[in-house]
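Begin with how the elements are named.

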Amino acid sequence: MVNIYQNILLAQKEGKKLLAVLIDPEKIELENISSFFEKVHQSITTHIFVGGSTDKNNLTDKVVAIIKKETHLPVILFPGDVSQISQKADGILFLSLLSGRNPEYLIEQQIKAAPFLKSSNLQILPTGYILIDGQKETATQKVSNTKPIDQENRELILNTALAGEFSGKKLIYIEAGSGATVPVNTNIITLVKNHLSIPLIIGGGIRTKKQLENAFYAGADLVVIGTAFENDESFFEDLKK
């Protein structure tokens, strides 16, 4: 497997935009996964993220194993907690929820994950995760018991992103939340991008090709789409290579 982070940096340097499809193990229909990935491979998708705020039935490992048989794309964990780590993936977003002040998701889950990651071959991507208000209460809010940052509070969003970079994060992930009514405002994307030197990931509430293009144009290096594909796989038709 190639170096995931170095490839993201190279894409950033060359101005190439990246797209990740987020697969929630609790929502994917395994019997349809082959046809799903046929559409993925015909699209501009570059990465597969696997994860959700919860995994009550411990499906992550099984789903990752099936996905690895279906795709050559990098499979990266986007875990809600330590129970969602699979050794079968290629990499993991090692997340700290910087927008909240709950120590469980700032450092405690990371400490619990450390022994698993030390003995694994997963490529570890330290990521500052910033949840902002998408006009819908998200599972992340409920599970982490934290509040998102208001999109009007751009100074706080910027400073939180900068604090993430200064503390050694290699990626900043700004998210409006799964199923968000309102995606991350393009002015926020541009503001943060203009001050960061590390790659910027944007997710939540992106349901159309135009919204995707707007996020890229504003400065997102990698965009994550999940719910839109869950609700309507024909969206892939709009994103063909």
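Helices (H or I, at least four residues) and strands (E, at least two) are DSSP runs, numbered from the N terminus. Asn187 is found in helix H7. This is a predicted model, where local features need pLDDT of at least 70, side-chain atom pairs count only at pLDDT 80 or more, and totals for chains, interfaces and linings use all residues. Residues are numbered from 1 along each chain as its sequence is written, and side-chain values use heavy atoms, with hydrogens and water left out.

Start at the N-terminal end of H7. Asn185 caps it, with a side-chain oxygen 2.7 Å from the backbone nitrogen of Asn187. Asn187 is partly exposed, at a relative accessible area of 45%; the term covers values between buried (under 20%) and exposed (over 50%), with a 1.4 Å probe and protein chains only. Its C-alpha atom lies 8.9 Å from that of Arg154, 33 residues away along the chain.

Now look along H7, residues 186–195. Its buried residues are Ile188, Ile189, Val192 and Lys193. An α-helix has 3.6 residues a turn, so residues three or four places apart point the same way.

What covers this face? The cover includes helices H1, H6 and H8, and strands E6 and E7.

Conventions
Contact = heavy atoms within 4.5 Å. Polar contact = N/O pair within 3.5 Å; in protein donor to acceptor, adjacent residues only side chain to side chain.
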